[in-house]
Amino acid sequence: MNAAPIHIAGERLMLDPAGVLHWPARRLLCVADLHLEKGSAFAARGRLVPPYDSRETLARLVPLLRRYRPRRVVFLGDSFHDRDGAARLPAQERAMLVQALNGAEAVWVAGNHDPVAPEGLPGQAVEAWAEGPLAFRHIPTPRATGEIAGHLHPKATAPTRAGGVCRPCFVTDARRVLMPAFGAYTGGLDIGDAAIASLFPRGGRSFLLGPERLYSFPLAGRGPVRTGAPDLFAEAP
Amino acid sequence: MRTLPEPFAGWFAARGWSPRPHQMALLDAAARDEHVLLLAPTGGGKTLAGFLPSLLDLAAHPREGLHTIYISPLKALAVDIARNLTAPVAEMGLPISIETRTGDTPVNRRQRQRERPPNLLLTTPESLTLLLSLPDAPEMFAGLSAIVVDEAHALAGTKRGDQLALCMSRLAALAPRARRVGLSATVAHPQALRAWLSPTARADDVRLVETRGGAAPVFDLQLPEGHLPWGGHMGLASAPEIYRRIEAARVTIVFVNTRAQAELIFAALWRLNEAALPIAMHHGSLEIGLRRKVEAAMAVGRLRAVVATASLDLGIDWGDVDQVIQVGAPKGVSRLLQRVGRANHRMDEPSRAVLVPANRFEVVECVAATEAVEAGDLDGEPPRPGGLDVLAQHVLAMACSAPFRPDELYAEVTHAGPYAALSRRDFEDVVRFVEDGGYALQAYDRFRRLFRDAEGLLHVRGTWVARQLRMNLGTIVETPLLKVRLRGAGVLGEVEEWFVSTLEPGDCFLFGGQVLRYERLEPAAVIVSRGGEGEPRVPVYAGARMPLTTYLAARVRAILHDPRRWKHLPEPVREWLRLQRLKSELPPRDGLLVETFPRGGKWFLVAYTFEGRLAHQTLGMLVTKRMEKLGMGPLGYVGTDYVLAIWSAFEPTDVQALFTEDILGDEMEEWLAESSMLRRTFRNIATIAGLIEKSHPGAEKSGRQMTMNSDLIYDVLRRHQPDHILLRATRAEAAQGLTDVARLATLLARVQGRIRHRVLDRVSPLAVPALIEEGREWVPGGAEDALLAEAAALVEEATDGAEHFTEALAEVTESIPVRGTSIARAKARDRRRSRHIRGAPKMVTGR
């Protein structure tokens with residue numbers, strides 16, 4: 001796995017192709033939009049989708065925690081799909097998460113889906129997290145500098161000679177990082193959509209996730225902003 | 001011989017008609033209380049034959065309540081038949097009420113129909129399912145005497161047919177005395193159709209009434225003047241000849257194979273239309289009001305021609321059509337006959353049809369099809385077993401109607417033909433899926449849709465279950481569509497969402513016979529204006545093309561192989577085949593010819609398999625997987641109806657090792673796991689089974705947080721519970737229809753030890769059409785990341801690393817763009833147009 005270094009507000013950050021951000025100087029790991037227990041949230045409304053999403057999401061997250069051994073883990077909001085999600089997390093998954101967080105400080109940034117502190121999990125719940133020159137927020141703010149945010153679930157379609165290849169991605173410019181959604185049941189919003197494009201008026205770069213590495217493509221600055229086709233499967237931000 | 005009672009006899013006589021033998025045969029069957037299947041060509045008074053026993057019965061014994069339910073695959077047909085029945089019933093003064101019930105029926109009338117049902121109710125499989133899911137279904141259907149299924153051949157073997165068969169089983173439980181009457185075109189497998197219709201799933205319990213076709217149809221082969229195209233499927237080169245034939249006839253239907261082709265042919269005809277003949281177009285994506293207008297104009301004889309797709313294959317009787325032109329290859333014998341039958345709707349005169357092949361292979365196919373018609377042969381696959389997704393929907397619908405015992409419901413559904421062989425295990429798994437999702441991890445106890453009472457009856461948990469069912473009802477899953485709205489003029493029809501995503505504002509495209517300029521996107525609608533600059537593009541719709549039937553493929557192979565049978569082929573085609581014999585060899589009848597040759601820095605492998613597009617796409621996936629293992633560096637492939645062509649970095653040497661039966665083992669498993677086809681199949685199955693919500697156009701905006709990407713569910717489920725009932729259903733369905741695996745297995749078995757490998761130094765004449773074919777697939781999986789890496793590396797440069805066959809061989813293709821061709825522009829458009837937006841399989845990204 002080759003993480004890509006970027007510099008924001010003078011700090012060197014590593015974008016990991018698994019979709020997490022690592023800040024080596026602070027031994028901080030950041031992950032956005034886990035949407036744990038999204039499956040059971042659907043089930044509660046009568047759509048009995050497979051209940052394995054939390055297990056799947058955590059199975060991907062735990063090895064990353066093990067590898068980076070962070071001092072601090074910033075969960076960038078929408079860690080649970082709804083405010084009761086943490087209470088519904090099955091015992092086995094809960095144990096998995098607690099054990100993996102052992103030795104690290106967990107920071108639960110509030111998201112619009114989970115504006116409350118996660119029940120029965122270690123760590124502190126905050127509205128936003130400031131550290132050094134960086135601000136960690138769920139919802140990105142226009143014209144912010146040194147901001148790490150999630151919420152929008154960016155994905156991009158890269159043109160290749162065999163047609164477009166669509167992947168979740170990081171989007172960055174010199175001021176901010178927009179994180180991909182990490183959860184197993186999280187869809188994406190195209191980076192051409194006005195909600196994302198307007199955050200990068202002077203353009204930037206997208207980093208598409210791959211199994212071994214990231215694929216970087218430039219992001220054009222704001223010309224006429226195109227609203228993407230409504231993505232029927234997109235997660236509502 | 002029985003005679004008709006009054007007032008029927010008088011009514012027939014007043015029109016100078018006498019009842020036809022099959023109409024009397026159906027009366028006899030009714031008198032003996034027999035179920036009956038009527039096979040007759042179009043225009044034989046089939047529908048009247050189906051209704052006559054009910055009309056006679058109701059005339060003799062007038063009564064309140066539902067007597068006969070009529071089910072048609074088309075809403076429009078139900079409406080049309082209601083009109084056709086109402087007239088004679090009124091003229092004879094019969095006390096019979098007739099109504100339709102479809103998705104378009106207003107709410108107040110639906111309510112009234114539930115309280116006071118008409119004597120004859122004309123409906124569709126979807127509306128019938130809905131009626132049966134209501135708690136008052138037992139009262140409504142208790143007195144039912146007859147079930148009439150129209151166009152049964154178009155329903156049996158499809159998911160709608162599965163649904164209808166299950167509904168008929170329920171009707172048999174509610175009204176055990178109801179007779180079944182199937183009306184169908186002539187089919188290749190009458191036994192299977194009888195079993196589908198039968199209340200016991202046994203063919204013998206349905207009497208078969210067959211009418212001999214009238215005079216055999218007369219075919220003409222129409223070639224373009226000048227050069228006979230090598231490739232392409234549109235047939236535009238023949239537009240002048242088609243126009244001349246329209247001028248010479250009274251009323252013509254010009255049948256085409258796809259909606260895109262309809263647009264192009266229609267545009268081409270209007271450019272030639274100096275006499276301003278009234279020529280219209282009819283296809284499934286046009287707004288329904290426009291379609292009705294065209295149908296009405298056709299019915300009163302105001303049109304000289306209509307360019308139509310399969311949307312006109314069935315149903316409505318347009319008396320006066322005297323010529324049918326089929327543009328492009330017919331793809332199947334039965335399909336051709338059905339279309340030809342639209343002309344001259346009288347059984348005693350021959351139908352006339354003109355076949356217009358678009359390329360050389362299609363010429364051979366057209367000749368093979370006409371020979372098959374002359375020989376009286378039909379094709380068509382025997383019906384497959386019923387889908388488990390449809391069963392899941394049915395189980396939920398029945399639970400909404402009344403609490404049920406699994407034992408009793410199992411007995412009921414296994415009386416439906418498509419489910420006769422349903423195992424108890426599959427049934428139980430489907431019921432469990434409906435109950436709580438059927439997951440090994442018992443996480444959803446609180447969220448069950450059904451609960452069991454102390455007596456073992458299953459109940460629904462609340463009224464929301466029925467609401468949810470109604471939102472998801474039906475077995476037709478549309479690809480996401482967007483309305484096309486003309487500024488200031490309303491909706492013209494629909495295009496697929498992916499097509500819109502390839503458009504930039506200012507681009508123009510051809511739709512509904514007009515050039516439209518793309519302005520902007522609004523939620524669920526594309527806003528367009530008239531006119532626009534540059535070459536218009538043509539919307540293409542997924543899954544539009546029918547594959548060549550096995551039967552017709554065998555006939556094509558037989559003709560190619562045997563020069564003595566070339567005498568019916570036109571000279572350019574004979575010349576082409578002679579050249580092939582000289583430069584390479586002719587594909588053998590039973591073996592397999594494989595050619596390999598270098599071209600443009602790559603190696604090509606062309607296999608003359610003749611198994612249809614679907615089978616070839618699957619085969620392409622499998623063979624390229626094997627080539628990867630053998631280090632041949634496959635790059636991509638294309639499957640046409642006739643051949644499979646693969647290009648690779650290194651020379652494919654041991655071709656025997658590529659076409660062995662074991663590629664259906666390991667490679668198949670691997671491929672299935674990643675295949676986008678399987679993902680699409682899963683999406684449909686998950687929607688029909690009620691796992692994910694059906695997309696309702698216009699509702700996306702508010703409902704977005706509720707929807708869930710089926711690909712994500714598929715990935716998670718496959719990893720955590722690979723034997724889940726919906727994954728089993730997905731694999732079974734893919735193996736049957738979508739991927740044509742059965743056809744491949746037969747092919748590979750047939751050719752073992754009979755593979756002829758020709759190493760050539762250049763492309764052979766028969767291989768040319770494949771190399772200029774559109775719609776290539778690229779080797780998936782690992783290649784996707786290789787492609788991304790390449791694209792990322794090239795991103796600042798012009799990304800011209802694409803294939804250039806289209807350009808290199810442009811001189812031998814027909815021009816697809818509507819106006820003059822500019823290669824540079826075409827290239828730029830090709831890139832944007834690329835159809836295959838790949839979603840990331842989570843397995844590949846390792847996420």
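This is a predicted model: local features need pLDDT of at least 70, side-chain atom pairs count only at pLDDT 80 or more; totals for chains, interfaces and linings use all residues.
Residues are numbered from 1 along each chain as its sequence is written, and chains are lettered from A and ligands numbered from 1 in the order in which they are written.

Helices (H or I, at least four residues) and strands (E, at least two) are DSSP runs numbered from the N terminus. A residue is termed buried if 20 or more other C-beta atoms lie within 10 Å of its own, exposed if 12 or fewer do, and partly exposed in between, with C-beta atoms placed from the backbone. On this criterion, 57% of the 237 residues of chain A are buried, and 50% of the 847 residues of chain B are buried. Two residues are in contact if their C-beta atoms, placed from the backbone, lie within 7 Å. Among contacts with a separation of 6 or more, residues 24 or more positions apart account for 67% in chain A and for 75% in chain B.

Two helix pairs of chain B were characterised. Packed helices are described by the angle between their axes and the distance between the axes. Axes are lines fitted to C-alpha atoms, for helices over the stretch in contact, and angles run from 0 to 180 degrees between N-to-C directions. Helix H2 (residues 21-31) and helix H3 (residues 46-60) of chain B pack at an angle of about 35°, with their axes 9 Å apart. The crossing of H2(B) and H3(B) is right-handed; a crossing is right-handed if the near helix is turned clockwise from the far one by less than a right angle, and left-handed if anticlockwise. H2(B) contributes B:His22, B:Gln23, B:Leu26, B:Leu27 and B:Ala30 to the contact, and H3(B) contributes B:Leu48, B:Ala49, B:Gly50, B:Leu52 and B:Pro53. Seven of these residues are nonpolar, three are polar and none is charged, where Ala, Val, Leu, Ile, Met, Phe, Trp, Tyr, Cys and Pro count as nonpolar, Asp, Glu, Lys and Arg as charged, and the others, Gly among them, as polar.

In the second pair, H9(B) and helix H16 (residues 388-401) of chain B pack at an angle of about 35°, with axes 10 Å apart, and the crossing is right-handed. Here B:Lys159, B:Asp162, B:Gln163, B:Leu166 and B:Arg170 of H9(B) meet B:Val390, B:His394 and B:Met398 of H16(B). The contact of H9(B) with H16(B) comprises three nonpolar, two polar and three charged residues. H9(B) is also among the elements that cover the buried residues of H10(B), as are strands E1 (35-39) and E5 (146-149) of chain B. The buried residues in helix H10 (residues 190-197) of chain B include B:Arg194 and B:Trp196.

Helix H13 (residues 288-299) of chain B has twelve residues and spans 16 Å from its first C-alpha to its last, close to the expected 16 Å, the expectation being 1.5 Å times one less than the number of residues. Its buried residues are B:Arg291, B:Val294, B:Glu295 and B:Met298. These residues lie on the same side of H13(B) because they cover an arc of only 100° around the axis, the arc being that of the directions from the helix axis to the C-beta atoms. B:Gly289 and B:Ala296, on the other side of H13(B), are exposed. The cover over the buried residues of H13(B) includes strands E10 (279-282) and E11 (305-308) of chain B. B:Gly301, which follows H13(B), has a positive phi near 75°.

B:Thr100 is found in strand E3 (residues 98-101) of chain B and is buried, with 24 other C-beta atoms within 10 Å. Beyond residues up to four places away in sequence, B:Thr100 touches B:Ala78, B:Val79, B:Ala82, B:Thr105, B:Leu122 and B:Thr123. Its C-alpha atom is separated by 9.1 Å from that of B:Tyr70, 30 residues apart along the chain.

Several backbone features were also noted. Most residues other than glycine have a negative phi, and most peptide bonds are trans. A:His35, in the loop between strand E4 (28-31) and helix H1 (38-44) of chain A, has a positive phi near 50° and counts as buried, with 29 C-beta neighbours inside 10 Å. B:Lys331, in the loop between strand E12 (323-327) and helix H14 (333-340) of chain B, has a positive phi of about 70° and is buried, with 23 C-beta neighbours inside 10 Å. The peptide bond from B:Glu6 to B:Pro7 is cis, with omega near 0°, and B:Pro7 lies in the segment before helix H1 (8-14) of chain B.
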